[in-house]
Amino acid sequence: MKPMIIRPGVSKIGAVHFERRLFDSLIPLPNGTSYNAYLIEGSSKTALLDTVDPMKAEVLMEQLKDVSKIDYIIAHHAEQDHSGTIPMVLEKYPNAKVLCSQKAKGFLMDLLLLPEEKIITVADGETLDLGDKTLTFIYAPWVHWPETMFTYLKEDKILFTCDFLGSHLATSDLYVIDRCQVYDAAKRYYAEIMMPFRSFIEKNLDKIKDLDIQIIAPSHGPLYDDPNFILDAYKDWVYHKPKNIVVIPYVSMHGSVKKMEEYLETSLIAKGIKVEPFDLTVTDTGELSMALIDAATIIIATPTVLAGAHPMAVYAAYLANALKPKTEFVSIIGSYSWGSRADKQLTEMFTNLKAELISPVFIKGYPKDEDFKALDNLSHTIAQKHRELGIL
Ligand code: FEO
């Protein structure tokens, strides 16, 4: 892909990875991804902002073929999908220096074996003069590693945010064209990568609120020439109270749990509550993570296997706990044949959630009249809790 001009002297380079389907050997990438790097050529100095995943190193090096000098490589984040090609760039430009936050220095030395003398740390708020272009470095820790920072290009009013505000979306569009597509991809990205760091996101959003920004340039996905599109979306995901939604990740082996889930689902819907069930045997974890952003309540539904919860239900509980959504209420439903510690096992996993536990409904065998009554009571309690929260 050829460099794309953003402003005179400022271009987007990097690679679009259309065919990639998994990130970190964990996160599904239904729409591929991109590794955006940026070249800023000032009247006296040239800076490269981030690089690409080493899998696409040759794409970046081809784009740099006619670039005679790079003075600075700005490393916003040490994770290898952005930093991994720095050693190759340094080989081509041996006089270049790597600029990064104080915390990033050790990470770059550990992860990439960069020599210490190649690295210059910059302070929060420090500026770098490229001649007719001025970069300001803004520390933005924990989006999503402790060393992350942004760069603001004053003359062109561009904020480079690396992972923050990005999306795993492979597209040849420079800017957002299809808002629905990008909204979904950015929401998925937020859910999977950023949501556990919500309190830091609040601080970082606050830190950039007075900047005059015309373009937000992240390191994954298209750029935002209407910054409020993504900033408003983040404000909704981060600040606003959860919605009148119950997410039910479930797994059933012989039909008892499925029957319970369906009964509870119908009962909740009848009370005016939106329900999002996820059959964990076929669930894309990204879709489940996105649903957790808005859910006021999570109910995990599991059968009993080897005297405990089904491993897929354990994974759903692990994920919900690790992602730390805004969820206010959690509960468990499920079934066993001769004995179970599944409900206790799952509820004990919610150590990170600041959610109230509603009494689980855990039954013996296939659901009977009294079990349906217990599910009605659960649904009644959830409706009451949602009303008290002001969302129903
Ligand atoms: Fe896109 Fe945290 O790396």
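Reply: The side chains of Asp 294 and Lys 187 are joined by a polar contact of 2.7 Å. That value comes from a predicted model, so treat it as computed. Asp 294 belongs to helix α9, which covers residues 285-294. Is Asp 294 buried or exposed? Its relative accessibility is 10%, and so Asp 294 counts as buried, since the cut-off for buried is under 20%.

Now for the rings. Searching the whole structure turns up 13 aromatic pairs. Take Phe 164 and Tyr 234: their ring centres sit 5.3 Å apart with the planes at 75 degrees, so this pair is edge-to-face; the cut-off for that label is over 60 degrees. What does this pair tie together? Phe 164 is in the loop between β13 (158-162) and α5 (179-194), while Tyr 234 is in helix α7 (residues 227-239), so the pair ties together parts that lie 70 residues apart in sequence. Phe 164 and Tyr 234 are both buried.

Another pair to look at is Tyr 263 with Phe 372. Here the ring centres are 4.6 Å apart and the planes meet at 35 degrees, so the pair counts as tilted. Why tilted? Because stacked needs planes under 30 degrees apart and edge-to-face needs over 60, with the rest called tilted. This pair also links distant parts of the chain, with Tyr 263 in helix α8 (residues 256-270) and Phe 372 in helix α12 (residues 369-389), 109 residues apart. As for cover, Tyr 263 has a relative accessible area of 28% and is partly exposed, whereas Phe 372, at 16%, is buried.

Back to Phe 164 and Tyr 234 for a moment: ring pairs link them with Phe 150, Tyr 183, Tyr 190 and Trp 237 into a cluster. Elsewhere, a ring has a charged neighbour: Lys 203 lies over the face of Phe 200, at 5.0 Å from the ring centre.

Last stop, the surface. Which residues form a nonpolar patch there? They are Leu 26, Tyr 315 and Tyr 318, and together they have about 320 Å² of accessible area. Of these, Tyr 315 sits in helix α10 (residues 311-323). With 34% relative accessibility, Tyr 315 counts as partly exposed.

How values were computed
Residues numbered from 1 in each chain as written. Predicted model: local features only at pLDDT ≥ 70, side-chain atom pairs only at ≥ 80, totals over all residues. Heavy atoms only, no water. Patch = residues over 30% accessible without salt bridge, like charges linked within 9 Å, V, L, I, M, F, W, Y side chains within 5 Å. Areas by Shrake-Rupley, 256 points an atom, 1.4 Å probe, with all protein chains shown as cover. Salt bridge = Lys/Arg side-chain N within 4 Å of Asp/Glu carboxyl O. Helix = DSSP H or I, 4+ residues; strand = E, 2+ residues; numbered from the N terminus. Buried < 20%, exposed > 50% of the residue type's maximum accessible area, 1.4 Å probe, protein only. Phe/Tyr/Trp six-rings, centres within 6.5 Å; stacked < 30°, edge-to-face > 60°. Lys NZ or Arg CZ within 6 Å of the ring centre and 35° of its normal. Polar contact = N/O pair within 3.5 Å; in protein donor to acceptor, adjacent residues only side chain to side chain.
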